[in-house]
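Please open the model in your viewer and keep the sequence panel beside it. The tour goes from the whole chain to a few side chains.

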Amino acid sequence: MYVRDLNREQIEELKVNYLCELADEGSFAAVTGKDYDSPSMEDIANADSIVSDDVIFENYEGINFTEDDFSEGSEGGEL
């Protein structure tokens, strides 16, 4: 299944993953406008409002996901 086929929980999981990827790349602060380099627990909890669906669709377009790519809470394995 592709990113536009994912359910809401799976998209939200990708949003958290995206924030962590930004931190790993060293671009979290620049992309999010925050004055710190990695997501806080609050950022993780609010990832759905920080990262738009369009950003997720653009960044993960063309990737063929399986249920195993996601955590138990979103109907699958671990991302």
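What follows is a walk through the fold, the surface and the aromatic rings.

This is a predicted model, in which local features need pLDDT of at least 70 and side-chain atom pairs count only at pLDDT 80 or more, while totals for chains, interfaces and linings use all residues. Residues are numbered from 1 along each chain as its sequence is written, and side-chain values use heavy atoms, without hydrogens and water.

Begin with a cartoon of the chain, where the secondary structure comes to five helices and zero strands (DSSP runs, H or I of at least four residues for helices and E of at least two for strands). The radius of gyration, taken over C-alpha atoms, is 12 Å, close to the 12 Å that the globule rule gives for 79 residues, so the chain is as compact as a globular protein of that length; the rule is 2.2 Å times the number of residues to the power 0.38.

Next, colour by burial: buried residues (under 20% relative accessible area, 1.4 Å probe, protein chains only) make up 29% of the 79 residues.

Now select the rings of Tyr60, Phe65 and Phe70, which ring pairs link into a cluster; rings of Phe, Tyr and Trp (its six-membered ring) pair if their centres lie within 6.5 Å, with planes under 30 degrees apart counted as stacked, over 60 as edge-to-face and the rest as tilted. By this rule there are three aromatic pairs. The centres of Tyr60 and Phe65 are 6.2 Å apart and their planes stand at 50°, so this pair is tilted. Phe65 also forms a tilted pair with Phe70, at 5.5 Å centre to centre and 45° between the planes. Tyr60 and Phe65 are buried, and Phe70 is buried as well.

How values were computed:
Buried < 20%, exposed > 50% of the residue type's maximum accessible area, 1.4 Å probe, protein only.
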